[in-house]
Every structure is written in C-alpha cells, then in structure tokens.
Amino acid sequence: MTAPKTLPSPRRLYREVAEQIRSKIENGSFAPNTRLPAERELSEMLGISRSSVREALIVLEINGYVDIRGGSGVYVCPFRPNPANTPATPLFNAADMGPFEIMETRVLLEPECAALAALHATAQQRNMLRSLHAAMELVHTPQVNRDGSCGKYDRLLHLTIAQACGNAALASAVAHLWELSDHSPVFQRLDQQPVSAQHWGVSWREHSRFVEAIVSGDTVRARHGMAHHLLSVMDRIRNNPAWLV
C-alpha cells in the first residue's frame, strides 16, 4: 500500500521576502547604515503586499539585519560577513507563523464563536463578559500597554467568548490560536508596539458592539461585531503610524 503524500506547507510570502532582502543586504545591494526603500516601494519592487513586507522587516530586525526606527525608516545594520561556505543562519523556525496568518484564522473562527455565545452563554459567563469589558475601559489611559493590562483583559474576554460558545472543539481551536500568538516572534514584536489611548478607545468601542450583542442574545450583531473588530485589528497592524516610513 502506497503511503499518503505529505501535503506541501502553505506558501508564506513574508518568509520569501525576508530571504530576498537578506540576500540583497549580504551581497551589498543594500549597504550597511543606509535606509531601505519605504514599505510601499519595497512592495512595488517585489510585487507583494505591504503586509508581507512589514512581516519580513520584523523578521529581519529580530535577526539583527535591520534597525526599524519609528517615524524615520528602516536602516541596514552593519554587515556581519559569514566565513566562506558557511550556511547562513536560518531566519525561521519551521513552526513560526506570521501574525496575518493567525489573524486570518481568527476571523474565520471567532465571529461564529460570538454568534454561538449569544445563544449559549450562561448568566455567569454574560456577567463575566460585562466585568472584563468594564475592566478594559478602566485601563483606557495614555499609559496603555505599559503593564500589559490591555492585552490581559482582551485575551480573557475573547477566551471567555470561546468558552461560552457551547462547542468544546471550537473553543479549543480559538485558545490554540492565542497560544500560537505567544510563540510567534513576529507577532510578539508587533504586540510590543505602543498603543495610544485613542487607538485603545477605538478597540474598546469595537468590543462594546459584540459584547453587548452577546449579552443581549443577538447572534447577528455578535457575529458581525466580532468580524468587524478582527478585520479592523488587521487593518491597524497594516497601517500603524510607527510603520508609515
């Protein structure tokens, strides 16, 4: 009996882009201490989305090839040549996943979790959602994200919704996606970006929409509110002012 073939890994453009830019740095096309072309230019030059360029640049920063300076640009770090015939250090762990891969999967799962939670959440779970949402409002200050409070309450709220959906397999899948975020160096680098009180206020209002819908048992608004929030998060990652270089 013939063994089943292993399916190929999904094509991750940001990985290919990171390797292309690294190659240009190592062959001198992008000289040390010079500013790289802007995201938009790199996107057009390489024929891929700005999201993929952004993820690639974060990977290169983590590996010491570039220095990302908010409001100024991305600069090539002093080149560290490898000895002849020495393989370059891998940029990626085989299990690494990019933030947009994770967010795209959350968009597929969490809106349905919200809709099901509107149907199945217990009174205790609805009260928990109200409390977590209120706690999120209390950390809405200019010092947002300094102590991790925002991320903590955000995570607890989303996982409570998953637990309230009434489908253990779906809840487990959502929890696993959040765990993947913890182990993604690129996601963690994005998560360290400062969050302004204004941006946090926008996110809090987006949460209000689906939390109120779940508490009131409105499945349609819960689903649409969660989808709108997650798509907006992806848009904010793409257009973070610190990255408009």
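A polar contact is a pair of N or O atoms within 3.5 Å, where, within protein, one atom must be able to donate a hydrogen and the other to accept it, and where residues adjacent in sequence count only if both atoms are side-chain atoms. The structure described here is a predicted model, in which local features need pLDDT of at least 70 and side-chain atom pairs count only at pLDDT 80 or more, while totals for chains, interfaces and linings use all residues. Residues are numbered from 1 along each chain as its sequence is written, and side-chain values use heavy atoms, with hydrogens and water left out.

An example of such a polar contact involves threonine 160, whose side chain has a polar atom 2.7 Å from the backbone oxygen of leucine 156. Threonine 160 belongs to helix H6 (residues 149–163), helices (H or I, at least four residues) and strands (E, at least two) being DSSP runs numbered from the N terminus. With a relative accessible area of 11%, threonine 160 is buried; buried means under 20% relative accessible area, exposed over 50%, and partly exposed in between, using a 1.4 Å probe and protein chains only. Beyond its neighbours within four places in sequence, threonine 160 is in contact with Gln125, Met128, Leu129 and Leu132, where contact means heavy atoms within 4.5 Å.

The chain as a whole contains ten helices and two strands, and its pattern along the sequence reads α-α-α-β-β-α-α-α-α-α-α-α. Of its 245 residues, 44% count as buried.

The structure also holds eight salt bridges, each being a side-chain nitrogen of Lys or Arg within 4 Å of a carboxyl oxygen of Asp or Glu.

Glutamate 44 and arginine 40 are separated by about one helical turn because they stand four residues apart in helix H2 (residues 39–46). Glutamate 44 counts as exposed at 58% relative accessibility, whereas arginine 40, at 45%, counts as partly exposed. Glutamate 110 and arginine 106 likewise lie four residues apart, in helix H4, but both are buried.

Helix H4 (residues 99–120) has 22 residues, so at 1.5 Å a residue it should span 32 Å, which agrees with the 30 Å between its end C-alpha atoms; the expected span is 1.5 Å times one less than the number of residues.
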